Amino acid sequence: MFKVHALKAALAATVAIGWAAAAAAQAPPATSPSNSPVFRPTLGDLMTAFVQPRHLKIGLAGQTRNWEYLAYERHELEETFEAIEKLVPRYRNASMEDLLKMVEEPLKVLETAIKARDAAAFDAAYAKLTDACNACHVATEHRMVVIQVPRASMFPNQNFAVPKP
């Protein structure tokens, strides 16, 4: 009986080791094939590549009162901030959670205005969100980065108007 249990244990260990080896062989390398380090975007990279375009798209869609798209893009912006908090938990001497509290309330007010399809409330909420972005830039010693309501689109291949049925 002991031999049967020992044989089963040895077989189970062999299978487990084989699975672990197969999994390790399929795991992506920690570095690129040329052994150069993996690209790790900075907070500035993330803001420029993901947050600023979403802020811009919300402004452009808000000008056309495209409520369905606004709801989508506002949610995407919120998810982007959540991802940034995980990727960059601290910036200088501040926690990202604390920094992002600056945009928490403006995002909620913006959501309420979008759900209500209230143009005046949207404009005021978008202005508050923009002000919160700039307040964060001042708090992180980047007062030279000034966000504003968009005057033109950097997305000439996207129409922000409400689609016709």
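**Exercise 1. Determine where Arg-92 is placed, and whether Arg-92 counts as buried, partly exposed or exposed.**

Solution. In this predicted model, Arg-92 is found in the loop that runs between strand S1 (90-91) and strand S2 (94-95). The next step is the backbone, where Arg-92 has a positive phi of about 55° although this residue is not a glycine. The last step is accessibility: buried means under 20% and exposed over 50%, so Arg-92, at 48% relative accessibility, counts as partly exposed.

**Exercise 2. Carry out the steps of Exercise 1 for Glu-141: where does Glu-141 lie, and is Glu-141 buried or exposed?**

Solution. Glu-141 belongs to the segment after H5. Its phi is near 65°, which is a positive value in a residue other than glycine. With a relative accessible area of 62%, Glu-141 lies over the 50% cut-off and is therefore exposed.

**Exercise 3. Classify the ring pair of Trp-67 and Phe-122, and state which parts of the chain the pair ties together.**

Solution. A search of the whole structure finds four aromatic pairs. For Trp-67 and Phe-122, the ring centres are 6.1 Å apart and the planes stand at 80°, so this pair is edge-to-face, given that planes over 60 degrees apart are classed in that way. Trp-67 lies in helix H3 (residues 67-87) and Phe-122 in helix H5 (residues 119-139), so the pair ties together parts that are 55 residues apart in sequence. As for accessibility, Trp-67 counts as buried at 10%, and Phe-122 counts as buried at 2%. Together with Tyr-126, these two residues form one aromatic cluster.

**Exercise 4. Classify the ring pair of Tyr-69 and Phe-160, and say how many residues apart its members are.**

Solution. The ring centres of Tyr-69 and Phe-160 are 5.9 Å apart and their planes are at 70°, so this pair is edge-to-face. Tyr-69 is in helix H3 while Phe-160 is in the segment after H5, and the pair thus links distant parts of the chain, 91 residues apart. Tyr-69 is buried, with a relative accessible area of 15%, and Phe-160 is buried as well, with a relative accessible area of 7%. Another ring, that of Phe-155, has the charged end of Lys-57 sitting over it, 4.6 Å from the ring centre.

**Exercise 5. Describe how helix H4 (residues 96-116) is arranged relative to H5, and which classes of residue make up their contact.**

Solution. Two packed helices are described by the angle between their axes and the distance between the axes. Here the axes of H4 and H5 come within 8 Å and cross at roughly 170°. Because angles over 145 degrees count in this way, H4 is roughly antiparallel to H5. The residues that meet include Leu-99, Met-102 and Leu-110 in H4, and Phe-122, Tyr-126 and Lys-128 in H5. Sorted by class, the contact of H4 with H5 has 19 nonpolar residues, no polar residues and one charged residue.

**Exercise 6. Describe the surroundings of His-137: which residues does His-137 touch, not counting residues up to four places away in sequence?**

Solution. His-137 lies in helix H5, and, at 14% relative accessibility, His-137 counts as buried. Leaving aside residues up to four places away in sequence, His-137 touches His-142, Arg-143, Val-145 and Ile-147. A further step concerns Leu-99, which is 38 residues apart from His-137 along the chain, and the C-alpha atoms of these two residues are separated by 9.7 Å.

How values were computed. Residues are numbered from 1 along each chain as its sequence is written. This is a predicted model: local features need pLDDT of at least 70, side-chain atom pairs count only at pLDDT 80 or more; totals for chains, interfaces and linings use all residues. Side-chain values use heavy atoms; hydrogens and water are left out. Rings of Phe, Tyr and Trp (its six-membered ring) pair if their centres lie within 6.5 Å; planes under 30 degrees apart count as stacked, over 60 as edge-to-face and the rest as tilted. Helices (H or I, at least four residues) and strands (E, at least two) are DSSP runs, numbered from the N terminus. Buried means under 20% relative accessible area, exposed over 50%, partly exposed in between (1.4 Å probe, protein chains only). A charge sits over a ring if NZ of Lys or CZ of Arg is within 6 Å of the ring centre and within 35 degrees of the ring normal. Axes are lines fitted to C-alpha atoms, for helices over the stretch in contact, and angles run from 0 to 180 degrees between N-to-C directions. Angles under 35 degrees count as roughly parallel, over 145 as roughly antiparallel, 65 to 115 as roughly perpendicular and the rest as oblique. Contact means heavy atoms within 4.5 Å. Ala, Val, Leu, Ile, Met, Phe, Trp, Tyr, Cys and Pro count as nonpolar, Asp, Glu, Lys and Arg as charged, and the others, Gly among them, as polar.
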